[in-house]
Amino acid sequence: MAEFTVYDETDAPADARPQLEAAKKRMGFVTTLNGVMAESPELLAGYNALSEQFNKSSLPGHAKHAVLITASVLNGCEYCVAAHSTVALRARVPAEVVEALRAGRPLDDPALEAVRRLTGAMVTQRGWVDDAEVEAFLAAGHTRRHVLDVVLGVGMKTLSNYTNHIAHTPLDPAWKEQEWTAPS
């Protein structure tokens with residue numbers, strides 16, 4: 001197994017340090033994911049830029065969390081499921097919604113379920129989503145812009161999920177309560 005260093009804002013490559021300093025200001029600590037990504041300042045900057053844009057996207061707040069958790073579950077990313085579950089709960093996404101997303105179960109809210117389904121189809125079908133799935137998403141009250149915002153969220157999660165798989169990123173203590181194990 002290749003070992004990856006988990007950097008912080010004091011020992012990271014020079015080009016990554018400003019990104020890590022900003023993350024520490026924003027979150028109160030440098031996540032181990034950001035610390036690993038710092039090996040490639042370009043990956044770290046790209047991931048943070050996508051994250052910023054996804055947070056600004058037109059998707060409603062709970063829908064954003066549904067995209068991030070669903071993509072991470074389907075990609076089997078234990079780190080990201082724990083992290084995004086914690087953040088979702090802090091953002092007042094109901095615990096039963098977070099649990100259903102973590103388990104891959106349907107949601108009672110039709111609009112949120114449409115987000116979960118479209119995200120799932122996008123991840124599992126590598127973007128080749130059936131027109132009927134897109135139409136169902138639109139019929140649930142979403143827009144074409146929302147479809148593309150889901151693409152943005154899935155792209156962002158692909159970067160972090162794959163990084164975590166390759167680097168075996170250690171889980172931050174802040175996410176421990178929501179630790180998750182991918183089904184075998």
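Analyst: Glu113 and Arg116 are joined by a salt bridge, with 2.7 Å between their closest N and O atoms. The term salt bridge is used here for a side-chain nitrogen of Lys or Arg within 4 Å of a carboxyl oxygen of Asp or Glu. Side chains of opposite charge can pair when their charged atoms come close. The structure is a predicted model, in which local features need pLDDT of at least 70, side-chain atom pairs count only at pLDDT 80 or more, and totals for chains, interfaces and linings use all residues. Residues are numbered from 1 along each chain as its sequence is written, and side-chain values use heavy atoms, with hydrogens and water left out.

Both Glu113 and Arg116 belong to helix H7, where 3 residues, about one turn of the helix, separate them. Helices (H or I, at least four residues) and strands (E, at least two) are DSSP runs, numbered from the N terminus. Glu113 is buried because its relative accessible area is 12%, and Arg116 also counts as buried, at 13%. In these terms, buried means under 20% relative accessible area, exposed means over 50%, and partly exposed lies in between (1.4 Å probe, protein chains only).

Helix H7 takes part in another such pair. Arg117 forms a salt bridge with Glu133, and the closest N and O atoms are 2.9 Å apart. This pair links distant parts of the chain, for Arg117 is in helix H7 and Glu133 is in helix H8, 16 residues away. Arg117 is partly exposed, with a relative accessible area of 43%, whereas Glu133 is buried at 14%.

The loop between helix H7 (110-124) and helix H8 (131-139) holds Arg126. This residue has a positive phi of about 50° although it is not a glycine. With a relative accessible area of 74%, Arg126 is exposed. His168 also has a positive phi, near 50°, and is a residue other than glycine. His168 lies in the segment after H9 and counts as partly exposed, because its relative accessibility is 47%.

The salt bridges may now be placed in the whole structure. A search finds 6 of them in total. One joins the side chains of Lys24 and Glu9, at 2.8 Å from N to O. Lys24 lies in helix H1 (residues 17-27) and Glu9 in the segment before H1, so this pair ties together parts that are 15 residues apart in sequence. Lys24 is partly exposed, at 39% relative accessible area, while Glu9 is buried, at 16%.

The domains give the wider setting. An automatic or database domain assignment supplies the bounds, and these are 9-56 for domain 1 and 60-178 for domain 2. The centres of the two domains, taken over C-alpha atoms, are 21 Å apart. Contact, meaning heavy atoms within 4.5 Å, is made by 16 residues of domain 1 with 20 residues of domain 2.

The size of an interface is often given as the accessible area lost when the parts come together. Buried area is accordingly the accessible area (1.4 Å probe) that two parts lose on being put together, summed over both. Between domain 1 and domain 2 it is about 1500 Å², and carbon and sulfur atoms give 78% of this.

On the side of domain 1 that touches domain 2, helix H2 (32-37) and helix H3 (41-56) each supply at least two residues. H3 gives the largest share of that side, 8 residues.

Lastly, Ser160 is found in helix H9 (residues 144-167). Ser160 is buried, with a relative accessible area of 0%. Its side chain makes a polar contact with that of Lys157, at 2.7 Å. Leaving aside residues up to four places away in sequence, Ser160 touches Leu33, Met37, Tyr47 and Cys80.

Methods. Polar contact = N/O pair within 3.5 Å; in protein donor to acceptor, adjacent residues only side chain to side chain.
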